[in-house]
Protein chains: 4
Amino acid sequence: MLTVGVVGGTGYTGAELLRLLIMHPQVELKYVTSRSESGSKVADLFPNLRGFTDLCFTEPAAETLSECDVVFFATPNGTAMKMVPELIKQGVRVVDLAADFRLQDARVWKQWYGMDHACVDVLSDAVYGLPEINRAAIKSATVVANPGCYPTAVTLGFLPLIENNLVDDQHLIADAKSGVSGAGRGASVATLQAESAENFKAYAVDGHRHLPEIKQTLGRVATHDIGLTFVPHLVPMIRGIEASLYATLAVDLAADFTTDLHQLYNQRYADEPFVDVLDPGTIPETRSVKGANTCRISIFRPQQGNTIVVSSVIDNLVKGAAGQAIQNMNIMFDLEETLGLNQVALLP
Amino acid sequence: MLTVGVVGGTGYTGAELLRLLIMHPQVELKYVTSRSESGSKVADLFPNLRGFTDLCFTEPAAETLSECDVVFFATPNGTAMKMVPELIKQGVRVVDLAADFRLQDARVWKQWYGMDHACVDVLSDAVYGLPEINRAAIKSATVVANPGCYPTAVTLGFLPLIENNLVDDQHLIADAKSGVSGAGRGASVATLQAESAENFKAYAVDGHRHLPEIKQTLGRVATHDIGLTFVPHLVPMIRGIEASLYATLAVDLAADFTTDLHQLYNQRYADEPFVDVLDPGTIPETRSVKGANTCRISIFRPQQGNTIVVSSVIDNLVKGAAGQAIQNMNIMFDLEETLGLNQVALLP
Amino acid sequence: MLTVGVVGGTGYTGAELLRLLIMHPQVELKYVTSRSESGSKVADLFPNLRGFTDLCFTEPAAETLSECDVVFFATPNGTAMKMVPELIKQGVRVVDLAADFRLQDARVWKQWYGMDHACVDVLSDAVYGLPEINRAAIKSATVVANPGCYPTAVTLGFLPLIENNLVDDQHLIADAKSGVSGAGRGASVATLQAESAENFKAYAVDGHRHLPEIKQTLGRVATHDIGLTFVPHLVPMIRGIEASLYATLAVDLAADFTTDLHQLYNQRYADEPFVDVLDPGTIPETRSVKGANTCRISIFRPQQGNTIVVSSVIDNLVKGAAGQAIQNMNIMFDLEETLGLNQVALLP
Amino acid sequence: MLTVGVVGGTGYTGAELLRLLIMHPQVELKYVTSRSESGSKVADLFPNLRGFTDLCFTEPAAETLSECDVVFFATPNGTAMKMVPELIKQGVRVVDLAADFRLQDARVWKQWYGMDHACVDVLSDAVYGLPEINRAAIKSATVVANPGCYPTAVTLGFLPLIENNLVDDQHLIADAKSGVSGAGRGASVATLQAESAENFKAYAVDGHRHLPEIKQTLGRVATHDIGLTFVPHLVPMIRGIEASLYATLAVDLAADFTTDLHQLYNQRYADEPFVDVLDPGTIPETRSVKGANTCRISIFRPQQGNTIVVSSVIDNLVKGAAGQAIQNMNIMFDLEETLGLNQVALLP
């Protein structure tokens with residue numbers, strides 16, 4: 001049994017982490033911290049947990065958290081980087097669901113997140129926790145930077161194309177759409193149901209924080225900088241991300257392109273337990289992964305032209321956050337990678 | 001391991017049954033039948049099941065279904081009663097999620113469902129599968145009539161009041177609200193999203209089929225006919241039922257009533273794994289049971305008057321259908337009653 | 001042309017008021033005030049108003065507002081009562097959409113709203129602005145207390161029964177449901193889409209501020225105190241209220257009751273431009289009044305028993321707030337009562 | 001006053017047409033036809049129309065329809081082309097909201113709609129009713145082909161870029177999203193609320209019927225064939241389309257591009273009453289046009305790269321169908337172009 005702590009358990013990624021950890025057969029959930037809710041029952045805040053846990057929120061403290069084998073941070077950006085150095089000194093391993101350890105270049109981090117990075121040395125050892133790319137490094141990582149929700153959907157969708165140099169990687173387009181839980185559980189006017197329901201809009205068109213993260217990952221795969229236009233949109237539903245990805249076949253390929261893209265994707269993800277390449281002509285829908293740790297992907301070449309279209313869906317709170325965090329934990333501690341993550345998505 | 005068949009697996013109760021059976025550790029799902037989808041993969045219809053089952057829909061046939069220990073009917077009303085006699089002759093036990101075996105009086109059945117009952121003898125032996133009332137009888141039942149969704153929420157909400165003769169049982173009021181999955185998966189204009197979303201209305205005010213079912217159950221508990229006004233409403237959400245129940249304290253009690261209603265409910269349901277009485281002042285919400293087999297209940301006496309208000313919530317597809325069916329199966333086959341039913345509700 | 005000011009134009013009743021005032025042919029909208037948004041364009045906050053108005057929010061000030069013929073308050077409770085005395089001194093007439101002038105008894109007001117009333121003398125002259133009851137008084141009123149949303153739906157639904165002494169008025173039940181815009185436009189966790197969508201629950205079961213308001217109005221009609229249990233619920237949609245009302249036929253009537261209830265309602269509301277009694281057997285739905293100032297009502301007597309069921313629907317922001325406020329203005333200034341209020345509801 | 005007939009008034013574009021025609025000050029609505037609903041009251045099908053019209057549906061017949069000045073077809077594709085020749089012979093002018101007259105090349109029409117065109121001669125005289133391009137021709141048209149919903153949003157979004165040869169018009173991308181009312185009012189499983197709510201997906205990725213329509217219009221503007229990848233998506237809301245458009249700056253421009261795109265769009269649409277170019281940095285949302293005939297547009301150049309992003313929103317039932325049809329009628333009959341179309345969008 002792993003002894004587990006969760007720092008910042010009052011948001012949606014925290015809530016989802018608790019749901020999954022509670023059902024995980026090898027986890028003993030020991031601490032759930034929250035400054036604002038300290039002392040109150042976790043199940044009073046999240047009534048779905050009634051009957052499953054008697055834990056109360058506690059103040060976050062290195063002394064107690066250091067009793068854990070692994071600590072998850074489901075905190076706002078900028079919190080984990082202040083506590084992690086102390087924890088890893090105590091031998092604790094960490095999965096950070098925020099952005100603190102996602103961008104390897106501290107200057108880029110500062111540019112997009114507006115703060116100096118608090119532990120650049122830890123940052124340089126942190127492993128980007130996308131198992132489909134970094135499984136081996138995750139195994140031995142002390143600190144895992146759990147990927148952002150959009151980056152997970154977009155990266156897994158583009159990956160086989162980039163790995164095989166099939167497309168013009170200077171003009172990639174990712175038109176992504178997310179349910180409102182992605183905006184978090186903080187009080188806000190913009191995601192009141194009366195504002196965001198029955199509405200659809202793009203946001204952050206000029207630049208979203210997940211842009212440098214996606215570019216970093218795909219750039220490493222390509223071994224050079226890639227060019228990406230990334231436009232996120234807000235969908236009037238609670239959970240789910242769909243990313244429609246557009247890429248132009250590389251010039252020299254376009255003329256007589258015969259690669260079976262579907263087969264290429266199928267082979268790439270054949271051994272991945274949480275990536276499901278759909279049959280040709282089948283389009284993924286977000287509800288097929290609601291509550292599940294799966295990324296479903298389809299590839300199209302409309303009118304046999306030279307534009308490739310990929311549609312990639314995940315549950316932003318599961319494969320895009322809490323589920324992937326647990327997948328990383330399983331890998332780090334040599335557990336079956338799918339342990340505790342085999343729930344069937346809730347449909348309808 | 002139990003060998004299990006599902007007849008009529010293309011509707012929402014069927015889909016939910018499949019989701020839960022697939023995750024049940026003591027179930028081998030052997031047949032899922034559908035005349036319309038025969039031959040096609042179950043996971044093609046319900047993409048959340050991809051990776052969990054390779055089963056194809058088959059034609060419903062007594063020869064094959066009789067290989068099963070238990071067969072669930074998730075068919076339209078009037079189908080099960082035609083196939084069940086043959087199956088039970090072969091030693092199969094049956095849980096019917098439709099209404100065929102819910103009303104003990106075949107004339108009342110005909111009045112509300114518009115057909116003659118096809119097997120009155122089987123009907124008289126069928127057990128109404130509300131474990132909180134009929135657990136012992138369910139254990140040895142050959143045919144279990146799985147309760148309707150509204151009757152489950154309403155009956156569990158009124159039960160302690162009726163059992164203890166605390167209220168005027170001739171003027172009970174149940175104002176119930178259901179998500180649209182309760183209307184089924186058949187093509188229909190009325191539950192198109194463009195019709196039912198952003199809309200709220202009562203329906204069947206003059207009389208709903210679940211009225212005689214509730215009256216039968218509560219009448220048995222009271223040992224006399226009870227009077228009930230039952231008004232269902234359609235809520236623009238997918239899953240969930242909330243029933244607000246109103247009852248007047250019995251005349252002789254009202255003057256100096258001192259019973260602690262909360263304690264009464266708590267005691268009544270203390271040993272029930274799937275009924276959760278909330279703390280005084282706390283109001284249940286349907287999302288707290290989304291995907292879970294739990295019924296959550298609160299009791300109020302506004303302004304200390306003589307009207308008692310009970311709010312009772314369930315997931316109509318789980319405790320109101322598929323989950324309760326599996327709870328019944330567990331009881332029938334001496335399995336742990338909660339086996340396969342311990343998922344935490346999906347929130348948000 | 002009437003010169004009109006709106007105090008507190010940043011909430012949903014304010015937004016709806018602006019929408020309707022802008023389209024009103026006899027209104028010149030002169031001031032829209034907001035302390036927090038002062039200086040910014042109204043159409044920047046509410047993009048649906050782009051192209052219809054160039055007004056900017058201004059600080060609320062008696063000097064400027066007193067230039068208006070009529071001032072609407074769409075402010076939080078407790079604001080209007082502080083500004084109104086000064087305004088009426090200047091000859092301005094007022095329609096308050098908040099609760100400040102709804103309860104005639106200042107002690108009851110304090111009990112439910114937690115503040116001393118700031119202008120009891122004005123209060124005693126204020127007219128409760130439900131035209132279907134108080135049209136004559138509204139005509140000459142200086143201050144009109146625009147009714148609450150629930151009270152509008154519930155009162156119009158019960159009215160003919162109470163006026164004709166047909167039911168036991170000591171045990172009335174109103175089970176009411178409102179869309180989330182009723183909770184206002186303030187940042188809050190409870191009505192985030194990720195919280196309130198796909199969810200249904202009762203709230204304020206122990207006592208809601210609209211209870212004393214309904215009791216006051218119906219009590220005046222009955223000429224004695226009435227007894228009411230009022231339970232509001234939150235519906236996962238933006239606009240709309242449905243109230244299901246339950247009443248028991250008065251004892252001496254129940255035996256051989258022959259009144260045609262439908263005809264009774266039809267006659268009562270025959271001359272009311274904004275109350276629509278549906279044909280027998282037809283059930284009203286909230287979407288039929290989305291954006292319209294109409295209250296639609298149906299009456300049922302299920303199984304010919306002695307419980308009467310009334311279903312009443314309104315748009316909480318129109319007949320339940322801004323539309324009714326403009327109806328009141330039309331009456332106060334001898335305009336055609338329906339002027340500016342003849343939009344067809346938006347369906348789907 | 002214009003005498004107006006509507007053929008096929010039972011779908012959503014028909015319903016919206018009725019809503020707008022009823023409020024139009026220069027329209028006398030004379031016939032609304034429907035084979036299936038003939039004889040029943042229009043207001044029984046669409047309860048929002050109660051009190052506004054006493055019309056009953058009638059059988060569609062050339063004799064009666066020919067009494068009208070203008071007839072709108074809100075029928076399935078392939079219906080109008082059979083009735084229009086007879087009507088125009090009688091001097092009736094026609095606005096077809098279906099696709100029958102949208103594609104000038106009858107072979108392309110057959111390829112995408114699967115039927116031979118029934119009146120190729122009429123087709124060649126029909127005018128594509130996008131006023132922002134074809135106002136002069138619409139004025140004298142006998143038959144106006146009302147544009148599709150997606151084509152309206154996409155064409156208006158791309159138009160200034162194509163007219164000015166600013167982008168590579170061989171690799172345009174339109175990622176479009178529509179509310180479910182776009183799928184029509186026919187009974188169907190796919191758009192049941194329990195299926196389409198809380199879900200997001202692309203559809204028709206391999207080719208949607210609106211693709212050739214958009215290519216035809218933009219190709220005429222460019223005076224050569226353009227290349228477009230068009231991917232529609234289904235959004236869990238009732239009304240609204242958002243199109244995110246991507247184009248690469250033409251090669252020779254990209255190096256030192258200084259055009260003020262915002263100003264370009266502003267000038268292009270300065271005299272258009274129903275196209276609203278937002279301020280730089282402001283992103284349009286579909287709710288800002290709910291029920292209104294407006295198209296709102298923003299232009300972005302993320303990170304000052306060579307990819308231009310345009311976001312364009314409309315109400316699919318108004319500017320994307322019924323509103324634009326009335327705008328066309330106003331132009332055809334020399335009425336004020338905005339007559340009857342000045343409603344403020346319903347927000348929230």
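This is a predicted model: local features need pLDDT of at least 70, side-chain atom pairs count only at pLDDT 80 or more; totals for chains, interfaces and linings use all residues.
**Exercise 1. Determine what share of chain A is buried, and what share of its contacts with a separation of 6 or more joins residues 24 or more positions apart.**

Solution. A residue is buried if 20 or more other C-beta atoms lie within 10 Å of its own, exposed if 12 or fewer, and partly exposed in between, with C-beta atoms placed from the backbone. By this count, 61% of the 348 residues in chain A are buried. Two residues are in contact if their C-beta atoms, placed in that way, lie within 7 Å; of the contacts in chain A with a separation of 6 or more, 71% are between residues 24 or more positions apart.

**Exercise 2. Identify the buried residues of helix 7 of chain A and say how they are arranged around its axis.**

Solution. In helix 7 (residues 131-139) of chain A, the buried residues are Pro131(A), Asn134(A) and Ile138(A). They cover an arc of only 110 degrees around the axis, which puts them on the same side of helix 7 of chain A; the arc is that of the directions from the helix axis to the C-beta atoms. An α-helix has 3.6 residues a turn, so residues three or four places apart point the same way. The cover over the buried residues of helix 7 of chain A includes strand 6 (127-128), strand 7 (143-145) and helix 13 (322-332) of chain A.

**Exercise 3. Describe the two domains of chain A and the contact between them.**

Solution. An automatic or database domain assignment supplies the bounds, dividing chain A into domain 1 (2-146 + 321-332) and domain 2 (150-314). The centres of the two domains of chain A, taken over C-alpha atoms, are separated by 25 Å. In the contact, 16 residues of domain 1 of chain A meet 15 residues of domain 2 of chain A. On the domain 1 side, helix 5 (106-113) and helix 13 of chain A each supply at least two residues. By class, that side has eight nonpolar, six polar and two charged residues, where Ala, Val, Leu, Ile, Met, Phe, Trp, Tyr, Cys and Pro count as nonpolar, Asp, Glu, Lys and Arg as charged, and the others, Gly among them, as polar.

**Exercise 4. Locate the residues Thr223(A) and Asp334(A), which have a positive phi, and the cis peptide bond between Leu347(A) and Pro348(A).**

Solution. Most residues other than glycine have a negative phi, and most peptide bonds are trans. Thr223(A), with a phi of about 65 degrees, lies in the loop between helix 10 (210-222) and strand 10 (228-235) of chain A, and is exposed, with 7 other C-beta atoms within 10 Å. Asp334(A) has a phi of about 55 degrees, lies in the segment after helix 13 of chain A, and counts as exposed with 8 C-beta neighbours inside 10 Å. The bond that joins Leu347(A) and Pro348(A) is cis, with omega about 0 degrees, and Pro348(A) lies in the segment after helix 13 of chain A.

**Exercise 5. Work out how chain C is related to chain A, and what chain C and chain D each bring to their contact with chain A.**

Solution. Chain C and chain A each bring 16 residues to their contact, and helix 9 (residues 193-196) of chain C gives the most to the chain C side, with three residues. Since 100% of the interface residues of chain C are also interface residues in chain A, the copies meet through the same surface. The contact of chain D with chain A takes 38 residues from each of these chains. Strand 11 of chain D gives the most to the chain D side, with four residues, and that side divides into 18 nonpolar, eleven polar and nine charged residues.

Conventions
Residues are numbered from 1 along each chain as its sequence is written. Chains are lettered from A and ligands numbered from 1 in the order in which they are written. Copies are superposed by least squares on the C-alpha atoms of residues with pLDDT of at least 70 in both.
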